Amino acid sequence: MPRFYFDISPGAGLGEVQDDEGEELEGLNAARIVAVKLSGEILRDYPDRFWSAGEWTCTVRDENRLILFVLHFYATEAPVLSRARP
């Protein structure tokens, strides 16, 4: 089975997390599911950091360390909210 690596950029509020161990999965679709679940766990466990950390990513690499895909997470407030702050 192929091995996939899941890296989290520093913007998630966790510091940079580089996956050096990886996980053996059946294929690309399984890696996509794991990436979404991992990102969901970060959002669930650190909801306050999401708003203060800015953009962050979950990058998935294959066993040759080539990037296969990246999940991007960021929030954009409506301009009216920015103007309403004191």
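Two strands count as paired if DSSP finds at least two bridges between them. Keep that in mind for this tour of a predicted model.

**Stop 1**

Select residues 56–61, which form strand 3. How many of its six residues are buried? Six of the six are, so to speak a mostly covered strand. Now show the side chains. Trp56, Cys58 and Val60 point one way. Thr57, Thr59 and Arg61 point the other way. In a regular strand, side chains alternate between the two faces of the sheet.

Find Arg61, then look across to its bridge partner in strand 4, Ile67.

Next, select residues 3–8 for strand 1. Strand 1 is antiparallel to strand 3 too, with four bridges between them. Here Phe6 stands opposite Val60.

**Stop 2: helix 1**

Select residues 28–45. This is helix 1, with 18 residues. From first C-alpha to last it reaches 26 Å, close to the 26 Å expected at 1.5 Å a residue.

Which residues of helix 1 are buried? Colour Ala31, Val34, Ala35, Ser39 and Ile42. They cover an arc of only 130° around the axis, so they sit on the same side of helix 1. What covers them includes strand 1, strand 2 (23–24), strand 3 and strand 4.

**Stop 3: salt bridges**

Side chains of opposite charge can pair when their charged atoms come close. The whole structure holds three salt bridges.

- Select Arg61 and Asp7. Their side chains meet at 2.5 Å, N to O. Arg61 lies in strand 3 and Asp7 in strand 1, so the pair ties together parts that are 54 residues apart in sequence. Are these two residues buried or exposed? Both Arg61 and Asp7 are buried.
- Select Arg3 and Glu24. Their closest N and O atoms are 3.4 Å apart. Arg3 is in strand 1 and Glu24 in strand 2, 21 residues apart. Arg3 is partly exposed, at 25% relative accessible area. Glu24 is partly exposed as well, at 45%.
- Select Asp45 and Arg44. Their side chains meet at 3.0 Å, N to O. Asp45 is partly exposed, with 44% relative accessibility, while Arg44 is exposed at 58%.

Methods. Residues are numbered from 1 along each chain as its sequence is written. This is a predicted model: local features need pLDDT of at least 70, side-chain atom pairs count only at pLDDT 80 or more; totals for chains, interfaces and linings use all residues. Side-chain values use heavy atoms; hydrogens and water are left out. Buried means under 20% relative accessible area, exposed over 50%, partly exposed in between (1.4 Å probe, protein chains only). Helices (H or I, at least four residues) and strands (E, at least two) are DSSP runs, numbered from the N terminus. The expected span of a helix is 1.5 Å times one less than its number of residues. The arc is that of the directions from the helix axis to the C-beta atoms. Contact means heavy atoms within 4.5 Å. A salt bridge is a side-chain nitrogen of Lys or Arg within 4 Å of a carboxyl oxygen of Asp or Glu.
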